Amino acid sequence: MPTIKVLPHEHLCPNGAEFEAQPGMSICDNLLQHQVEIEHACEKVAACTTCHVIVRQGYHSLNDIEDQEEDLLDMAWGLTSMSRLSCQAIVADDDLVIEMPKYTKSRQRRLALSRMPPLHP
């Protein structure tokens, strides 16, 4: 079985993680099954970019990227040539090393809102 190594992420996986992955299942579902709480605001139907990951190793073993995913990735925070939506990237037989970007659009928005001064009536 392939393994997924998740590089440390300040909020979602501070110590990183490594686990055996289920081939034929999306990276997102594999992460969620192993308690890596990656965002997936659209419920994994390729309608947002909250589950954006950077595949540092094993990118070419994943299924081909489709036009809809590519179009959405253009809006992702921290886009690289190795970016995928984890809900659309299907694990094959190769090991993967995954980096979750520091921000997503929704995480960045929540951070900005948390820094706003409270409204006073």
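At 55% relative accessibility, Glu 18 counts as exposed, where exposed denotes over 50% relative accessible area, buried under 20% and partly exposed the range in between (1.4 Å probe, protein chains only). Glu 18 belongs to strand β2, strands being DSSP runs of E of at least two residues and helices runs of H or I of at least four residues, both numbered from the N terminus. Lys 5 stands opposite Glu 18. Apart from residues up to four places away in sequence, Glu 18 touches Thr 3, Ile 4 and Lys 5, a contact being defined by heavy atoms within 4.5 Å. The C-alpha atoms of Glu 18 and Val 97 lie 8.9 Å apart, although 79 residues separate the two in sequence.

The structure is a predicted model, in which local features need pLDDT of at least 70 and side-chain atom pairs count only at pLDDT 80 or more, whereas totals for chains, interfaces and linings use all residues. Residues are numbered from 1 along each chain as its sequence is written, and side-chain values use heavy atoms, with hydrogens and water left out. The mean pLDDT (the predictor's confidence in each residue, from 0 to 100) is 88, and 85% of the residues reach 70 or more. Over residues 107–113 the pLDDT falls below 50, and this stretch has nine contacts in the model beyond near neighbours in sequence.

The protein contains three helices and five strands, arranged from the N terminus as β-β-α-β-α-β-β-α. Of its 121 residues, 40% are buried. The accessible surface, computed by the Shrake-Rupley method with a 1.4 Å probe and, for residues, with only the protein chains shown as cover, comes to about 7,100 Å², and carbon and sulfur atoms account for 50% of this area. Among contacts with a separation of 6 or more, 65% join residues 24 or more positions apart.

The five strands form an open sheet of mixed pairing, in the order β2-β1-β5-β3-β4; two strands are taken to pair if DSSP finds at least two bridges between them. Strands β2 (17–20) and β4 (83–85) stand at the edges, each with a single partner strand, so one side of each is left without a neighbour in the sheet. From one strand to the next the twist averages 30 degrees, with axes fitted as lines to C-alpha atoms (for helices over the stretch in contact) and angles running from 0 to 180 degrees between N-to-C directions.

Three of the strand pairings may be described individually. Strand β1 (residues 3–6) is antiparallel to β2, with four bridges between them. Strand β3 (residues 52–57) pairs with β4 in the antiparallel sense over three bridges, and Val 53 faces Arg 84 of β4 across this pairing. The pairing of β3 with strand β5 (residues 96–99) is likewise antiparallel and comprises three bridges; here Ile 54 stands opposite Glu 99 in β5. In a regular strand the side chains alternate between the two faces of the sheet.

Leu 31 touches Ile 4, Val 6, Phe 19, Val 36 and Ile 38, residues up to four places away in sequence being excluded. In soluble globular proteins, nonpolar side chains tend to be buried together.

The loop between α1 (27–33) and β3 includes Gln 35, a residue other than glycine with a positive phi of about 60 degrees. Ala 46 lies in the loop between α1 and β3 and has a positive phi near 60 degrees, again in a residue other than glycine. Gln 35 is exposed, at 60% relative accessibility, whereas Ala 46 is buried, at 4%. Trp 77 is located in the loop between α2 and β4 and is partly exposed, with a relative accessible area of 41%. Trp 77 and Thr 50, 27 residues apart in sequence, have their C-alpha atoms 9.1 Å apart in space.
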